[in-house]
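Subject: Structure for your files

Hello,

Here is the structure you are taking over. My notes on what was found follow below it.

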Amino acid sequence: MNGEAAVNDANRVHIFDTTLRDGEQSPGISLNTSEKVDIANQLARLGVDVIEAGFPITSPGDFEAVQRIAREVEGPVICGLARAQKGDIDVAWEAVRDSERPRIHTFISTSDIHIEYQMKNTREDVIQGARAAVSQARSLCEDVEFSPMDATRADVEFTAEVCAIAVEEGATVVNIPDTVGYTTPEEYTRYFEDLYRFAPSLKEVELSVHCHDDLGLAVANSYAGVLAGARQVECAVNGIGERAGNCSLEEIAMLIKVRGDVHGLQTGINTRELARTSRLVSRLTGYAVPPNKAVVGRNAFAHESGIHQDGVLKERSTFEIMDATEVGFDSNQIVLGKHSGRHALQDALEQLGFVVQGDALNRAFARFKEVADRKKQVTALDLEALVSDEMHREGDAYELASFEVSAGSNRESRASVTVSLPEGGSASATAGGDGPVDAIFQAARDATGVESELREYRVAAVTGGEDALGQVTVVLRRDGATASGQGVSTDILEASAQAYVRALSNLVAELRAREESERSPSGEAKGP
Ligand code: KIV
Ligand code: ZN
């Protein structure tokens with residue numbers, strides 16, 4: 001996509017997904033490279049126009065993930081974020097250059113608060129920084145996005161001046177961030193009107209919205225920006241992102257689709273992939289989707305009151321404005337039995353969008369058999385949970401080898417846990433605890449020698465029914481770093497042990513990545 005395409009197709013709103021960049025900056029989320037690639041592939045299937053794959057200067061891990069996505073994911077524009085600094089832009093370009101459609105996104109704050117207290121420089125420095133950054137980025141890449149950070153708290157006339165310079169230097173997209181989620185729909189609309197007035201050249205490029213949800217207005221503000229002329233919305237799956245998060249992708253996509261009658265706009269989103277994308281991101285990030293979340297919450301299409309149930313049975317539109325199938329809530333139709341073979345599994349996985357071959361297929365098949373032996377039927381939701389559980393291990397992690405636990409109402413719970421170690425070999429420990437889960441966690445901690453604080457422990461059923469798979473999420477914290485891990489099994493204790501050991505591995509990886517980024521020349525770039 002470039003400025004030309006945007007101008008030609010006036011009613012098309014481009015969806016710029018920042019789940020892997022702003023979303024990944026949410027506290028406690030740390031995705032490994034293979035998880036990021038899987039999310040990016042699913043975003044491509046969902047039909048997003050742009051994937052902001054990361055902020056490459058921040059760590060070697062971030063760089064590697066952006067580069068792999070640029071090389072492997074086809075369809076969307078692949079974008080890398082860079083401060084308005086030469087080193088950042090060079091590294092962002094290296095990371096995205098192998099994509100068929102690369103983009104560099106560079107930003108600098110225009111608000112006096114940021115200029116005075118954060119950057120400790122002057123408006124003149126901002127003007128020069130923006131000019132140099134866009135010109136450098138444009139010398140490397142045809143598609144360049146510019147963001148005046150904290151725009152909505154900045155002087156609009158000054159922001160317009162900086163944006164006009166970005167356009168002069170060749171920016172193809174200009175994004176207007178509500179960085180701290182402070183604006184309101186009316187104010188944002190006026191802001192766009194003023195920008196166009198002070199900088200008429202903005203009509204020549206695509207304008208974009210990037211709204212945070214601190215006051216719960218991210219979707220409403222994004223929508224206001226679109227009505228005021230923006231044709232790109234920056235958003236994240238399940239609304240994850242810094243602090244209260246970003247505009248939720250599924251909500252803005254359905255708002256644009258369902259209320260097409262009032263604005264005549266469209267996106268390229270295949271809405272039937274929304275529920276699955278939401279589940280994948282929730283599972284891999286450990287961020288639960290609230291049951292009442294619009295569009296993708298478990299209860300988004302559930303009717304409790306008798307009057308509503310009665311109405312929907314007579315005519316769905318009495319109490320529903322969307323059909324559950326429109327957002328992919330019916331994807332539980334594929335069912336495998338315990339005698340299904342490797343081919344049937346591979347087929348079912350392909351229908352679900354997972355290309356699994358070779359060793360990965362063998363591991364998935366072993367896991368499927370293990371579960372199919374304990375469950376009557378394995379549904380699409382089970383397969384999704386199992387495959388994402390199985391596929392995202394990185395080589396250098398602790399693995400749960402085995403565990404045993406004894407517990408009862410009149411005795412102390414005790415557990416023995418054996419883990420295989422990243423450096424090879426295994427380690428075991430036995431410990432007591434306040435209940436079987438606590439005993440397993442203590443034993444796993446003693447076996448690995450990794451100390452941490454348990455921040456969250458969540459259990460959810462993947463599907464309904466007595467033999468449902470249980471999905472456990474564990475969040476651990478140490479030295480200011482937070483990491484989560486998930487486990488899936490018909491046995492909650494086994495899922496808990498897996499989740500804990502994975503969270504430990506992710507925590508160790510996160511602490512290591514922090515050390516690396518502190519050692520790297522731009523160690524201070526931790527995210528805007
Ligand atoms: O919130 C923000 O301002 C950002 C920018 C980098 C676009 O995330
Ligand atoms: Zn942001």
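Helices (H or I, at least four residues) and strands (E, at least two) are taken as DSSP runs and numbered from the N terminus. The model is predicted, so local features need pLDDT of at least 70 and side-chain atom pairs count only at pLDDT 80 or more, while totals for chains, interfaces and linings use all residues. Residues are numbered from 1 along each chain as its sequence is written, chains are lettered from A and ligands numbered from 1 in the order in which they are written, and side-chain values use heavy atoms, with hydrogens and water left out.

Ligand 1

Twelve residues surround ligand 1, and the closest are Arg21, Asp22, Thr179, His210 and His212. A residue counts as near the ligand if one of its heavy atoms lies within 4 Å of it. By class, this shell holds four nonpolar, six polar and two charged residues. The classes are as follows: Ala, Val, Leu, Ile, Met, Phe, Trp, Tyr, Cys and Pro are nonpolar, Asp, Glu, Lys and Arg are charged, and the others, Gly among them, are polar.

For Arg21, a side-chain N or O atom is 2.9 Å from an oxygen atom of ligand 1. For Asp22, a polar side-chain atom lies 3.1 Å from an oxygen of the ligand. For His210, the distance from a side-chain N or O atom to a ligand oxygen is 3.1 Å. Ligand 1 taken alone exposes 260 Å², and the protein buries 98% of that. Such areas come from the Shrake-Rupley method with a 1.4 Å probe; for residues, only the protein chains shown count as cover. Strand 4 (102–109), strand 5 (144–149) and strand 6 (173–178) are the elements that give two or more residues to the shell around ligand 1.

Zinc ion

The zinc ion (ligand 2) is coordinated by Asp22 (OD), His210 (NE2) and His212 (NE2), at 2.0 to 2.1 Å. Along the chain, these donors follow the spacing D-x187-H-x1-H. Asp22 sits in the loop between strand 1 (14–17) and helix 2 (33–46), and His212 in the loop between strand 7 (206–211) and helix 9 (218–227), so the pair ties together parts that are 190 residues apart in sequence. Donors are N, O and S atoms within 2.8 Å of the metal (3.2 Å for Na, K and Ca); water is not among the atoms, so sites may look incomplete. Both Asp22 and His212 are buried. Buried means under 20% relative accessible area, exposed over 50%, and partly exposed in between (1.4 Å probe, protein chains only).

Helix 18

Helix 18 (residues 492–519) has 28 residues and reaches 40 Å from its first C-alpha to its last, close to the 40 Å expected at 1.5 Å a residue. The expected span is 1.5 Å times one less than the number of residues. Asp491 caps the N-terminal end of helix 18, with a side-chain oxygen 2.8 Å from the backbone nitrogen of Leu493.

Positive phi

Lys120 has a phi near 50°, a positive value in a residue other than glycine. Lys120 is in the loop between helix 5 (112–118) and helix 6 (123–140), and is exposed at a relative accessible area of 65%. Arg243 is not a glycine either, yet has a positive phi of about 50°. Arg243 is placed in the loop between strand 8 (232–235) and helix 10 (249–258), and is partly exposed, with a relative accessible area of 43%.

Other residues

Asn175 lies in strand 6 and, at 1% relative accessibility, counts as buried. Lys293 is in the loop between helix 12 (274–285) and helix 13 (306–314), and counts as buried at 11%. Val167, in helix 7 (residues 156–168), counts as buried at 11% relative accessibility. Arg455 is found in strand 14 (residues 453–461) and counts as partly exposed at 45% relative accessibility.

Regards

Notes. A polar contact is a pair of N or O atoms within 3.5 Å; within protein, one must be able to donate a hydrogen and the other to accept it, and residues adjacent in sequence count only if both atoms are side-chain atoms.
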